[in-house]
Amino acid sequence: MFGRGKKDQKALASVLDLLEQRALFADKVDWSTVRPEIAAAADDPEQLELKLFHLVREVGGPHGGVRRPRRPPVEPELPTVEMQGEAAVVALPACAEQDARAYAEAGRSALEGVEPERWIVDLRGNGGGAMWPMLAAVAPLLRGDGEIGAFVDRDGGRIPWTLRDGAVGMGGIAQALGLKGRREGAVSVLTDGYTAGSGEAVAVAFRGLPDVRSYGAPTLGLSTGIESAALPDGLVVSVATSRFADRAGTVYGSRIAPDVPSEDPLSMALWDL
C-alpha cells in the first residue's frame, strides 16, 4: 500500500524528478502546482495512478504510461528466417524484457549459415519491447561497426546506438550480442501501423544505408526512447525522454513513412528483387 511514509514520498519525488527533468515536453506544465497535487493523492492509490498516467502523457506523449507488474510470462515469439526464392525473410516479432536473452540467441541461430541474394526484414506487427535483442538479431545486416542510430534528448544531447563485433549497445556499452561480421545483399524493411517503439528503432537503424528500401504503411508513431521509475507498491511509471535518430542525423519522434507505400509489402518487396 502506497502512502505518506518517508520511503513512499522519497520514491514519488524521484518519479516526479524524472518527469520534470527528463520528459520531452516537461515545460508544458507548472511543476510548482503539479508536484503538490500529485503528492496530495498519495493516500489514494487509484487516484495517484490516474493522475500520474495523465501527467506522463502530457509531458512525454503517447509512448509512456503507468503499469503494474506483469502477468506470468507466456511462450515468447522469437525471430525466424524463411527463404522465399532468393530472399531470406527475417521475421522480428515484439520482444518482452524477460525474453531478451532467448530472443538474441534465436536471432543468432536464425541467421547462422544463411547466405541469400537479398534480405527482407519484416517488422509488421512488432509492437516494441526490448530494443537491443531486436537490433542484435539483425546486426550482420547493419553493414559493419559504428553508429547505427541515436537517442536525442529534448536539449539535443545524443547517445549513439553502436555496433561492434556483433554487439549492439548505447554509448559504446554492449547490451545484446548478435552474429559477428556482415552479410551482403540488398535489404527490404517492412512496416505497418502496428510497428511501434523498439520495432520503429530497428526501422530507423536501417535508414541511411545503401541498398535499403522500406515498404508498407507508416509506423504507429512511438519512435521515442522511454525511461522508467518504480514506486514501492509496484507501480512503474514510464515516460518518453528522447527521440530516435538515424545514422544520417534525421530525428524522428512520430510516424515513420515507408519509401514505397504498399498494402502487400512482402509481395512488393519480393517483386522488386
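The notes below go through the helices, the sheet and the hairpins in turn. Please keep in mind that this is a predicted model.

**Helix 1 and helix 2**

- The crossing in which helix 1 passes helix 2 is right-handed.
- On the helix 1 side you will find Gln9, Leu12, Ala13, Leu16, Asp17, Leu19 and Glu20, which meet Trp31, Arg35, Ile38 and Ala39 of helix 2.
- Sorted by class, this contact of helix 1 with helix 2 holds seven nonpolar residues, one polar residue and three charged residues.

**Helix 2 and helix 3**

- Helix 3 spans residues 45-60 and packs with helix 2 at an angle of about 155 degrees, the axes lying 10 Å apart.
- Angles over 145 degrees count as roughly antiparallel, and helix 2 and helix 3 are therefore roughly antiparallel to each other.
- From helix 2, the residues Trp31, Val34, Glu37 and Ile38 meet Leu48, Lys51, Leu52, Leu55 and Val59 from helix 3.
- In the contact of helix 2 with helix 3, seven residues are nonpolar, none is polar and two are charged.

**Helix 1 and helix 3**

- The axes of helix 1 and helix 3 cross at roughly 20 degrees and come within 11 Å.
- Angles under 35 degrees count as roughly parallel, and helix 1 and helix 3 are therefore roughly parallel to each other.
- The crossing of helix 1 and helix 3 is left-handed.
- Leu12, Val15, Leu16 and Leu19 of helix 1 make the contact with Leu48, Leu52, Leu55, Val56 and Val59 of helix 3.
- By class, the contact of helix 1 with helix 3 has nine nonpolar residues, with no polar and no charged ones.

- Strand 3 (residues 87-91) pairs with strand 4 (residues 118-122) in the parallel sense, over five bridges.
- Within that pairing, Val89 stands opposite Ile120 in strand 4.

- Strand 6 and strand 7 (residues 167-170) run antiparallel and are joined by four bridges.
- In this pairing, Trp161 stands opposite Met170 in strand 7.
- The hairpin of strand 6 and strand 7 has two residues between the strands, and in this hairpin Asp165 takes a positive phi near 50 degrees.
- Strand 7 is also joined to strand 8 (residues 173-177) by four bridges, and these two strands run antiparallel.
- Met170 has Ile173 as its bridge partner in strand 8.
- Two residues lie between the strands in the hairpin of strand 7 and strand 8, where Gly171 takes a positive phi near 60 degrees.

**Aromatic pairs**

- How many aromatic pairs does the model have? The count comes to four aromatic pairs.
- Phe151 and Trp161 form an edge-to-face pair, at 5.5 Å centre to centre and with 70 degrees between the planes.
- That pair links distant parts of the chain, 10 residues apart: Phe151 is in strand 5 (residues 146-153) and Trp161 is in strand 6 (residues 158-164).

Terms used:
Residues are numbered from 1 along each chain as its sequence is written. This is a predicted model: local features need pLDDT of at least 70, side-chain atom pairs count only at pLDDT 80 or more; totals for chains, interfaces and linings use all residues. Side-chain values use heavy atoms; hydrogens and water are left out. Two strands pair if DSSP finds at least two bridges between them. A crossing is left-handed if the near helix is turned anticlockwise from the far one by less than a right angle, and right-handed if clockwise. Contact means heavy atoms within 4.5 Å. Ala, Val, Leu, Ile, Met, Phe, Trp, Tyr, Cys and Pro count as nonpolar, Asp, Glu, Lys and Arg as charged, and the others, Gly among them, as polar. Axes are lines fitted to C-alpha atoms, for helices over the stretch in contact, and angles run from 0 to 180 degrees between N-to-C directions. Angles under 35 degrees count as roughly parallel, over 145 as roughly antiparallel, 65 to 115 as roughly perpendicular and the rest as oblique. Rings of Phe, Tyr and Trp (its six-membered ring) pair if their centres lie within 6.5 Å; planes under 30 degrees apart count as stacked, over 60 as edge-to-face and the rest as tilted.
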